[in-house]
Amino acid sequence: MSTRTLPEPLAFAGMALLMLLSDVIALLLVSPVQNAGILAFDNPDTLWNIIVFLFVMLVVTAILLILIKYKAQKIISLILALCIAAVIFYIALSLLGPILPVITAYLISALVGIGMIVLLWVYPEWYIINIVGIITSAGCAVIFGVSLSPLPVIVLLILLIIYDFISVNHTKHMLTLADGVMKQKIPIMFLIPKTRHYSYRKTGMDITADKSERSAYMIGMGDMIMPGILAISAQVFVSGMTIFGISLPAIGTIVGSVIGLILLSIPMRSGKAQAGLPLINSCAIIGFLLCCLISGSWDWVAIGF
């Protein structure tokens with residue numbers, strides 16, 4: 001059995017590929033989701049949406065931390081399963097709704113969402129986790145991206161930069177949350193194996209272990225979703241130059257987030273847990289603004305206010 005360790009540059013290239021796949025799928029889902037009328041918020045321009053978003057996120061985080069403290073693994077798994085299944089259900093519905101009778105579309109979409117969760121429960125291998133993670137990340141990015149115009153998204157990303165830095169480096173409750181979630185059969189991380197025969201199903205993943213003892217590289221699903229929301233928002237709400245039908249600011253956001261992920265690989269080599277959003281979100285915002293400058297697309301500023 002091979003125990004050869006995957007070189008770190010290849011591992012980070014794999015993470016970048018996962019991010020690109022998530023963004024591309026999200027872009028392809030924009031029209032179906034819009035046509036289906038699937039929205040997280042009715043008014044995309046108000047900053048109150050961000051307050052609601054952060055409030056719900058903090059409440060859910062607090063609930064999960066309490067459940068982790070009291071070792072309520074089954075309840076944690078159920079909450080995560082419902083969230084993931086709901087996202088997959090709405091994405092499947094947006095694709096099936098136009099081509100199938102309403103009841104049939106709802107039924108099949110529900111079965112797809114439930115089926116994905118059952119697959120994770122029965123066979124939680126790293127590649128199954130990544131496939132479901134890509135679908136879920138793309139789904140979250142497109143649902144929130146079509147529901148929020150760029151200005152609120154940028155405010156959200158900046159606030160999450162601060163929150164992620166504090167929660168990872170100071171309060172460290174995000175590490176507790178990530179470690180607790182990774183022990184379930186429905187983790188919310190992407191995994192890149194270090195060795196050819198790595199199996200999450202057999203060995204799991206301990207983020208508190210020493211770097212040399214970890215069996216896979218990992219990155220949080222949120223690090224993929226948040227810059228993806230800005231990319232989709234740019235695609236939907238920013239007018240101006242496009243390349244192959246994709247808004248230039250959307251492309252800038254995607255390129256910026258990938259650059260941020262690559263830059264993140266430098267401190268990640270230490271083996272110490274890193275806050276991903278400060279670098280990834282910052283580079284995504286810079287990429288968005290630079291491409292707005294190039295294309296002269298500033299109408300979103302007026303819309304945001």
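Modeller: In this predicted model, helix H7 gives the second largest pocket the largest share of its lining, namely four residues. Helix H7 covers residues 173-182, and helix H3, covering 73-96, is the other helix to supply at least two residues of that lining. The lining of the second largest pocket has 10 residues altogether, and those nearest the centre are Ile-68, Lys-71, Gln-73, Gly-180 and Lys-183. Sorted by class, the lining holds three charged, four polar and three nonpolar residues. The space in this second largest pocket comes to about 150 Å³.

Phe-89 and Tyr-90 form an edge-to-face aromatic pair, with 5.2 Å from centre to centre and 70° between the planes. The pair counts as edge-to-face because its angle of 70° is over 60 degrees. Phe-89 has a relative accessibility of 16% and therefore counts as buried. Tyr-90 has 38%, so Tyr-90 counts as partly exposed.

The count of aromatic pairs in the model is nine. Among them is the pair of Phe-12 and Tyr-217, which is tilted, with 6.1 Å between the centres and 50° between the planes. This pair links distant parts of the chain: Phe-12 belongs to helix H1 (residues 8-36) and Tyr-217 to strand E2 (residues 216-220), 205 residues apart. Both Phe-12 and Tyr-217 are buried. Elsewhere, one aromatic cluster is made up of Phe-41, Phe-53 and Phe-144.

A further site to look at is Ser-295, which is found in helix H11 (residues 277-295). Ser-295 counts as buried because its relative accessibility is 17%, and the limit for buried is under 20%. A polar atom of the Ser-295 side chain lies 2.8 Å from the backbone oxygen of Cys-291. The side chain of Ser-295 is also joined to the side chain of Ser-297 by a polar contact of 2.8 Å. With neighbours within four places in sequence left aside, Ser-295 is in contact with Met-241, Leu-248 and Pro-249.

To return to the part you asked about: the residues nearest the centre of the second largest pocket include Lys-71 and Lys-183, and helix H7 supplies four residues of the lining.

Key
Residues are numbered from 1 along each chain as its sequence is written. This is a predicted model: local features need pLDDT of at least 70, side-chain atom pairs count only at pLDDT 80 or more; totals for chains, interfaces and linings use all residues. Side-chain values use heavy atoms; hydrogens and water are left out. Rings of Phe, Tyr and Trp (its six-membered ring) pair if their centres lie within 6.5 Å; planes under 30 degrees apart count as stacked, over 60 as edge-to-face and the rest as tilted. Buried means under 20% relative accessible area, exposed over 50%, partly exposed in between (1.4 Å probe, protein chains only). A polar contact is a pair of N or O atoms within 3.5 Å; within protein, one must be able to donate a hydrogen and the other to accept it, and residues adjacent in sequence count only if both atoms are side-chain atoms. Contact means heavy atoms within 4.5 Å. On a 1 Å grid over the protein atoms alone, a cavity is a set of points where a 1.4 Å probe fits but cannot get out, and a pocket is an open set with protein on both sides within 12 Å along at least five of seven lines; lining residues have an atom within 4 Å of a point. Grid points are joined across faces, edges and corners, and a volume is the space filled by probe spheres set on the points. Ala, Val, Leu, Ile, Met, Phe, Trp, Tyr, Cys and Pro count as nonpolar, Asp, Glu, Lys and Arg as charged, and the others, Gly among them, as polar.
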